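Keep the sequence and the 3D view side by side as you read.

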Amino acid sequence: MTREPLVLGIETSCDETGIGIVRGRTLLSNTIASSMEQHARYGGVIPEVAARAHLEALQPSIEAALAEAGANLGLPGPLPLSDLDAVAVTSGPGLAGALMVGVGAAKALAVSLEKPLYAVNHLVGHIAADILDTEAGPLEYPTVALLVSGGHTSLLLVRDVTTDVELLGETMDDAAGEAFDKVARILGLPYPGGPEIDRAAASGDPQAIRFPRGLSRASDLDRHRYDFSFSGLKTAVARWIEQREAAGEAVPTGDVAASFREAVVDVLVTKALDACARHDVPRLLLGGGVIANRRLRDVALARAADAGVTVRIPPLSLCTDNGAMIAALAAQLIASGREPSTLAFGADSTLPVTQIQVAQR
C-alpha cells in the first residue's frame, strides 16, 4: 500500500457503540452512541441491554461516521464504503454479548466489501488512541501505560504497540471505574458514579479521612507490586458511613467523596510511577475513560514532573471507548506489514492484552 490505509473501526465491548474512521494517524470520524441512560435505572451496565443497544445503534452510527469522514475529506457526500482499505473490530476483552454484535457486523461488512479484516485487542486500542494526537508527535518506546476504565485497570509496558505489550499488573477485583460507581451508590449518588463523585468531592477535603490504599503495604509488593485492588477500599467507605450513621452523626458526603477519590488516585499514580522507575522508562501514557477525572490527571502530571517522567494523555474524546482507536491500531498493523485476520475468531471476553491481533493469517 503506497498511501496511508483508510480504516473503519468498530468498538462494542461495553455500553458504547463506537465507529471510527482514520487514514493512518489522521482522525476522520469518531462517532459514539452511548446506551448509558438505559443502564442508569439499574445502577450499572446490563450486558443484554448493552448488546441490544449496539444492534440498534450500529447502522446509524456507521452512516454518521461515513458522512463525517466524507465531509472531512472534502467529498460531496458520505465516504463510500468501497473506498475503505480495511475494517477493524474489537475482539475482546469486554462483555461477550456486546462483543458479538460488533464482531458479527465487522465480518459481514468485510466479506460484503471484500476488504481485509483486523480483529484487535480493546486495551491495546486505548494505547493506539494516542497515535491520533498528531500535535503530540509520535509515541516513543518503551512507555508505561496506565489504562483506567469502568471495566479495566491495567498497567502495561509497551515496547511496540503492534508487536510487544507486556502486562505488568491489573485489578484483582473491582476496576477503578466500578469502585467509583459502587461508592457513589453507597453515598446515594446517581449512576454513573465517576462524575458524581467528582462533583461531590469539589466541596470536600481529600485529607479528611485516611482510607486504605489497596495492595500498597510492604508485604504486598513482592507478589502484587503492580496489581490493584479496590474492593477493600469500597468496603472501608461503607463501614465508615455505617459507623457515622449508627452514632447518629451526619455523613459529610463531600469529605467522603474527596477522600475516596484521593485514595484511588494515590494508588494509581504511585504504582504507575514505580513501574516507570523500576523499568527505567521516563514516559507514562494515561488512557481509558476514568482519565477524564481531573484530579487523577492533575496528580499524575504533578508527581510525574517531580519524578522526571513525561506524561501523555490522548484527547479526552479518545479516552473513552471508541472505534477510532480500533481503526488506528489496525492502521498501524497494516503499516507494519501485518497480515489481516481470518474469519476464524469470535468474541473473547477475557482476551489477554499480550494478544494484540486475533486470528492473523
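Ala-359 sits in the segment after strand E11 (357-358). Helices (H or I, at least four residues) and strands (E, at least two) are DSSP runs, numbered from the N terminus. Although Ala-359 is not a glycine, its phi is positive, at about 55°. Most residues other than glycine have a negative phi, and most peptide bonds are trans. Ala-359 counts as partly exposed, because its relative accessibility is 22%; here buried means under 20% relative accessible area, exposed over 50%, and partly exposed in between (1.4 Å probe, protein chains only).

A word on what you are looking at: this is a predicted model, in which local features need pLDDT of at least 70 and side-chain atom pairs count only at pLDDT 80 or more, while totals for chains, interfaces and linings use all residues. Residues are numbered from 1 along each chain as its sequence is written, and side-chain values use heavy atoms, with hydrogens and water left out.

Asp-280 also has a positive phi of about 55° without being a glycine. Look for Asp-280 in the loop between H9 and strand E9 (283-287). Is Asp-280 buried or exposed? With 71% relative accessibility, Asp-280 is exposed.

Next come two peptide bonds to look at. The bond from Gly-92 to Pro-93 is cis, with omega near -10°, and Pro-93 belongs to the loop between E4 and helix H3 (96-113). The bond from Tyr-191 to Pro-192 is cis too, with omega near 0°; Pro-192 lies in the loop between H5 and helix H6 (193-201).

Now let's turn to charges. Side chains of opposite charge can pair when their charged atoms come close. Such a pair is called a salt bridge when a side-chain nitrogen of Lys or Arg is within 4 Å of a carboxyl oxygen of Asp or Glu. How many salt bridges does a search of the whole structure find? There are 18. One of them joins Asp-85 to Arg-3, with the closest N and O atoms 2.9 Å apart. Asp-85 is in the loop between helix H2 (47-72) and strand E4 (86-92), and Arg-3 is in the segment before strand E1 (6-11), so this pair ties together parts that are 82 residues apart in sequence. Asp-85 is buried at 15% relative accessibility, whereas Arg-3 is partly exposed at 40%.

Another salt bridge links Arg-217 and Asp-220, whose closest N and O atoms are 3.4 Å apart. Arg-217 is exposed, at 58% relative accessibility, while Asp-220 is buried, at 11%. Glu-249 and Arg-244 make a salt bridge as well, at 3.2 Å between the closest N and O atoms. Elsewhere, salt bridges that share partners join Arg-159, Asp-164 and Glu-166 into one network.

Rings of Phe, Tyr and Trp (its six-membered ring) form a pair if their centres lie within 6.5 Å; planes under 30 degrees apart count as stacked, over 60 as edge-to-face and the rest as tilted. The whole structure holds 2 aromatic pairs. The ring centres of Phe-180 and Phe-260 are 5.1 Å apart and their planes are at 75°, so this pair is edge-to-face. Phe-180 is part of helix H5 (residues 176-186) and Phe-260 part of helix H9 (residues 253-278), so the pair ties together parts that are 80 residues apart in sequence. Phe-180 is buried, with a relative accessible area of 3%, and Phe-260 is buried, with 0%. Phe-228 and Phe-230 make a stacked pair, 6.3 Å centre to centre with 10° between the planes, and both residues are buried.

Finally, consider a site from a record. An unreviewed UniProt entry lists a "binding site" that includes Gly-150, Gly-151 and Asp-181; such annotations may be inferred rather than shown by experiment. Gly-150 is in the loop between strand E6 (143-148) and strand E7 (153-160), and Gly-151 is found in that loop between E6 and E7 as well. Gly-150 is partly exposed, with 40% relative accessible area, and Gly-151 is partly exposed, with 46%. Leaving aside neighbours within four places in sequence, Gly-150 is in contact (heavy atoms within 4.5 Å) with Ala-175, Gly-177, Glu-178 and Val-290.
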